[in-house]
Amino acid sequence: MTETRSLQNYINGQWCVSRATESISVTNPATSEQLGKVPVSPATEVDRAATAASIAQQDWRRVPPQERIQYLFKLKGLLERDFESLAQTITIECGKTLKESQGELRRAIENVEVACGIPTLMQGVNLEDIAQGIDEIMIRQPVGVAAVIAPFNFPAMIPFWFMPYALACGNTYIVKPSEKVPLTMEKVFHLLEETGLPNGVVNLVHGAKETVDAILEHPLIRAISFVGSSPVARYIYSQAAAHGKRVQCQGGAKNPIIVLPDADLEMTTRIVADSAFGCAGQRCLAASIALTVGSVRDSFREAISTTATECKVGFGLDEGIQMGPVITEGSQQRIEGLIDRGTQEGAQILVDGRKANIPGYENGYFVRPTILDGVEPESAIAGTEIFGPVLGLMHVNDLEEAIALINQSPWGNMACLFTSNGAAARKFRYEVEAGNIGINIGVAAPMAFFPFSGWKESFFGDLHGQGHHAVEFFTQTKVVIERWPKNWSRQF
Ligand code: NAD
């Protein structure tokens, strides 16, 4: 890969040089080495992709579902064949450790596997004799052309929450990857090309806001899936709706975990540390606030501080590394600024990850694991998504108080409880206002056959990504009511 390599779009089965006048550098966040340049594709290129997809969809929807999924079976084989090289690309452009990259790729493949069940999943329903001699049938048909606008933190997995289902249901598709991590999808599209999918069925259009706005406005694009920060999610949701599109937007998060005194301390500490610092805290399911209840306060504080201090930080391809860099220099500065803000608001720094110096990677964008104690519920740091390896500690007297604090929050992506008490777990599961719940689990990421269920400011829409929700999102229902005259026998 040369420094000047410009990425190409993939439209109507062809790799094409973009006519963009603006491009953005793609860098390895561990080294700041330039990996390529991504074009900010203009509206004309979105139009070419949407038009090609719309024409292709006329034939694609007529391909029987059991034949459509043969391309997905092939894709699964190719993803398995190139698994290691894809995982390395994720680490190089996104910064997470190789093990984390392998984990996200595995979930991407799992979504392909689930979508292969479409001949069953896409079935409609029917009822005979809704009135005498009249039958009613509900059919699921594809929506048309659909698109995903993806974030940087899971370059492989997130487009796969949607794309395999969209294709299997008979839609054609446009992927707009994050401009920060476009290389993984470029590789995936080479594999999609290898499956022999008909031209125009899948299209890759690189870009940023200008490109996204063209997607939002394009009349041929009927459905949009978005994953990213909440302010942009809100914008996409309103703009897509204003243009008459079906839309689902998964937004940001500020995820709390509660530690009860009866939790297994060693297991809890290990799991919470992985949740807070894994992927350098750049997961929408990262633990961000730990609420300790009663007597567990001091022991948890001590244990999590030790684990945070011992975390091995570096380039994710190197042996034994537990945490990589954050995505950009801008992110590094923003995260350090928020830690400063936390201290100004009265929190005490137990472990300070600012100004991290990683030998051999002095140009990388590193923030080491950070622990802030005594975070005040009303403080800005308690309500702001940091999206970095920073865990805030709060102390409460009982589970009721902890649940009330969680439910005050505008966010609702994930909440977790650590306990050995079943009644406490049930109360938590029942009362907490969040869409993904973990009981002695730190990253409650739904498997591909369950919906990724954010709530409140963490989600705008009705149907989430993955599983049955994706099938519903990518199909529209048609109801047919039939009556047949009784004189048929006279004709034969
Ligand atoms: P982001 O919102 O900055 O960007 C996401 C996408 O939107 C990118 O493709 C980008 O090009 C585009 N975009 C950015 N600004 C835009 C604008 N003003 N107008 C139109 N398009 C715009 O998000 P990010 O920094 O790439 O990703 C991190 C965020 O994603 C975090 O907030 C994280 O919590 C969230 N996230 C949520 C989930 C979830 O399932 N809820 C999963 C992963 C990440």
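How many nonpolar, polar and charged residues does the shell around the ligand have? The shell has 16 nonpolar, eight polar and four charged residues, with Ala, Val, Leu, Ile, Met, Phe, Trp, Tyr, Cys and Pro counted as nonpolar, Asp, Glu, Lys and Arg as charged, and the others, Gly among them, as polar.

Keep in mind that this is a predicted model, where local features need pLDDT of at least 70, side-chain atom pairs count only at pLDDT 80 or more, and totals for chains, interfaces and linings use all residues. Numbering runs from 1 along each chain as its sequence is written, and side-chain values use heavy atoms, with hydrogens and water left out.

Now for the contacts. Of the 28 residues around the ligand (a heavy atom within 4 Å), Ala150, Glu179, Ser229, Gly251 and Glu385 come nearest. Glu179 puts a side-chain N or O atom 2.6 Å from a ligand oxygen, and a polar side-chain atom of Ser229 is likewise 2.6 Å from an oxygen of the ligand. At Gly251, a backbone N or O atom sits 2.7 Å from a ligand nitrogen.

On its own, the ligand has 840 Å² of accessible area (Shrake-Rupley method, 1.4 Å probe), and the protein covers 89% of that.

How values were computed:
A polar contact is a pair of N or O atoms within 3.5 Å; within protein, one must be able to donate a hydrogen and the other to accept it, and residues adjacent in sequence count only if both atoms are side-chain atoms.
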